[in-house]
Amino acid sequence: CVLPLPHVPAFSAPPTFTLMYCGPVGPVNDPVATVNANAGLVHVRLGDTIDGKFVLRSIGIESVEIGYVGFPADVKTRVPLGQ
């Protein structure tokens, strides 16, 4: 008897993050990331969605980690300050 393998969904490549991380603002225990988006500067908190495609996973002084809507939480990209 051969059991079928469980279905594992395939993910396409995540979208490219083209916005610029300008740095953190606010207190260290509750930082807010500043991102330069098409509409100008946007302030984003942990867990917020950006442009309906990206999720802010972590905020650092020199970088942020960006996740992707519809992708597992461990799929993320480090975006350095100024990029």
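In which segment is the place of Ala13? In this predicted model, Ala13 lies in the segment before strand 1, the strand that spans residues 20–25. With a relative accessibility of 65%, Ala13 counts as exposed, because the cut-off for that class is over 50%. The C-alpha atom of Ala13 is separated by 10.0 Å from that of Val75, a residue 62 positions away along the chain.

Side chains of opposite charge can pair when their charged atoms come close. In this structure, the count of salt bridges comes to two.

One of these salt bridges is formed by Asp30 and Arg45, whose closest N and O atoms are 3.1 Å apart. The pair links distant parts of the chain, since Asp30 is found in the loop between strand 1 and strand 2 (32–37), whereas Arg45 is found in the loop between strand 3 (40–44) and strand 4 (49–50), the two being 15 residues apart. Asp30 is partly exposed, with a relative accessible area of 39%, and Arg45, at 39% relative accessibility, also counts as partly exposed.

A salt bridge is also formed by Glu65 and Lys76, with 3.5 Å between the closest N and O atoms. Here, too, distant parts of the chain are linked, with Glu65 in strand 6 (residues 63–68) and Lys76 in strand 7 (residues 76–80), eleven residues apart. Glu65 has a relative accessible area of 27% and is therefore partly exposed, while Lys76, for which the corresponding value is 41%, is likewise partly exposed.

Methods:
Residues are numbered from 1 along each chain as its sequence is written. This is a predicted model: local features need pLDDT of at least 70, side-chain atom pairs count only at pLDDT 80 or more; totals for chains, interfaces and linings use all residues. Side-chain values use heavy atoms; hydrogens and water are left out. Helices (H or I, at least four residues) and strands (E, at least two) are DSSP runs, numbered from the N terminus. Buried means under 20% relative accessible area, exposed over 50%, partly exposed in between (1.4 Å probe, protein chains only). A salt bridge is a side-chain nitrogen of Lys or Arg within 4 Å of a carboxyl oxygen of Asp or Glu.
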